[in-house]
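Please read this briefing with the sequence and the structure side by side.

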Amino acid sequence: MGKLLDSIDSPQDLKVLSLEELNQLADEIRQLLIRFCRRHGGHLGSNLATIEPIIALHYVFDMPHDHLIFDVSHQAYTHKILTGRRRAYTDPGSQEDLSGFTSPKESPYDDFMLGHTGTSIGLACGMAAQRDATGGKANIIAFIGDGSLSSGPAFEGLDWAAEQGGNLIIVVNDNEMSIAENHGGLYRSLAALRASGGRSPDNPFRALGLDYRYVEKGNRIEDLIEAFRRVKDTDHPVVVHIHTRKGLGLGQGSQGQIGPTSITQSDGQTSHMTPLPDLPAEGPVEANHWQDGLDSLGRLPNSRKTYGRMAMQALEARFPQEPGLVVISPATPLSNGIDPDFRQRAGNHYRDVGIAESHAIAYAAGIAKAGGTPVVATSATFFQRAYDQIEQEMALNGSAVTLLVFSTGVAKTDATHSGTADMVMMRGIPGLICLAPTSGAEFLDMLAWATGPARQPVVIRVPGERTLATERAGKPIAPATSDPTTGGEPWDRYRILQQGRTVALLALGDALPLGRDLADSLEASMELKPTLVDPHRYDRLDEQTLEALASTHSLVVTIEDGQLDGGWGQAVAAYYGPSQIRTLAFGAAKEFNDRVPKTTLLEKYGMTVPAMTRAISDALADRASWI
């Protein structure tokens, strides 16, 4: 290790160096990374290309007051070395403590743990939006490679950055390669920009409405410092397109280029460092106002509009005191009760990012990281398009984002818009609290908690038509309430709504009215009063209650308005296993259905009251064979 690198413990140490010393430091880091990656493996080529740009960024900007967000993190080794982690690259005893990607657990200079591509711009947009909402002044910088630009979330982020405005600096590191060669029409435009010194009219960034700067010698520190100083404290989004050389310093070819993004360890293994139509808007809805007026076609609002409006009304009341409270809709707002009047009143508290669900989640995660309170609202089938961002940017990073999942459950719909798979998808992701309210009041309680004291990722399955029908009929099932101040997570215990014997009915979310009807049927036809349970949530099991039920009942029945295979009911059955208690699980089949009537589907799945009553009666009659 060279003498200069010995003295660098933070970016502040760079600011006293001369240009000559900065270049010397770059040479020392380059030799260190070559030795390190040849010994341990890693993403060598991409990191050799970005040594000078990262030195220049830390020289010009004031991290971590300013924020540098990497895409994928394959280019972040120099960033780690300059931010107090160089011993991990020089001391064999410290190397196991270092992630191959950026990680907030390692350093305050890392805002996110990032290992998938394309979301740095969306995250930066979110952090910039929260900064502007609270009057902050920090520069927000997204650092993204040319290979990542071909991903959908990257384009969605660029598109939104131009819409959002404000200080946002997007550094496009163009080394003319991804993990392999780049593919797609975008790269003809990048080639034209490189060939023309950034003056080609074929400029996708300017076409989107973004300011643009080009740096031909992207490994020349003095040019980079000048370019970054020109855009520092900008009042609008700007792309700084830097032309770098991948693998610079390895001496392979006249341009120092190499093909693969990573190299192998000595053992030969590659290392990576480990719809319903929109209707005219109706008036505002109160939590207890179920007969809330007909629409222009003489119809009552459906559950999506009714509960969506309730949610927006509750959030709107908090806007004056909470500048960071933001509702995000990836298009289709009116279908979910987010009507034009609300959107106009909300102003900057509402963002429609277009049909860009992946960006919506990354954007929300950026807002949450900067201290804001984002709520993302859309249909269950559309959240599928953002699975990666929910898992990575939201759950993995513990981002305090609330998802409102509309249009769930068994329904007559097109095959493309089925809402039965959301619970299987969400409950399979670690770190998500998944709630299933059974009334409008409980829905608002859960929303208040998720956007208040929770400060963690929360998914709320918006109540559906069964729940709305019971409330409109004046026969709501008593909602379970929870006091977040009592310790632990709210709704982590099931609520016994009716104490009975022999059979326990666990009816989740919008299936609870069906569970109530089933309980009445069992009592009328079999003179059996079952226990009725409201589970509240589906990401985890209340094992204490399940154990208590097993000690006093012969049969546990689960009912869920979603896919049975991989769902919550199967988790309950798996928990009991081959014990003395038998289980029956009712839910939807794992299949596509195209415009099949709901009654037909429920009959097919055995989810009608008569069918479930018969199944329970048969199970009890056969009890002697399994006791």
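**A loop residue and its surroundings**

Leu-528 lies in the loop between helix H20 (512–526) and strand S14, where helices (H or I, at least four residues) and strands (E, at least two) are DSSP runs numbered from the N terminus. This is a predicted model, in which local features need pLDDT of at least 70, side-chain atom pairs count only at pLDDT 80 or more, and totals for chains, interfaces and linings use all residues. Residues are numbered from 1 along each chain as its sequence is written, and side-chain values use heavy atoms, with hydrogens and water left out.

**Leu-528**
- Leu-528 is buried, with a relative accessible area of 5%; buried means under 20% relative accessible area, exposed over 50% and partly exposed in between (1.4 Å probe, protein chains only).
- Not counting residues up to four places away in sequence, Leu-528 touches Arg-501, Thr-502, Val-503, Ala-519, Leu-522, Glu-523 and Leu-620, contact meaning heavy atoms within 4.5 Å.
- The C-alpha atoms of Leu-528 and Thr-502 are separated by 8.0 Å, although these residues are 26 residues apart along the chain.

**The sheet**
- An open sheet of 5 strands has the order S12-S14-S13-S15-S16 with mixed pairing, two strands being paired if DSSP finds at least two bridges between them.
- Strand S12 (495–498) and strand S16 (582–588) stand at the edges with a single partner strand each, so one side of each is left without a neighbour in the sheet.
- S12 and strand S14 (residues 531–534) run antiparallel and are joined by 3 bridges, and Arg-495 stands opposite Asp-534 in S14.

**Helix H16**
- In helix H16 (residues 387–396), the buried residues include Gln-389, Ile-390 and Met-394.
- Just after H16, Gly-398 takes a positive phi of about 60°.
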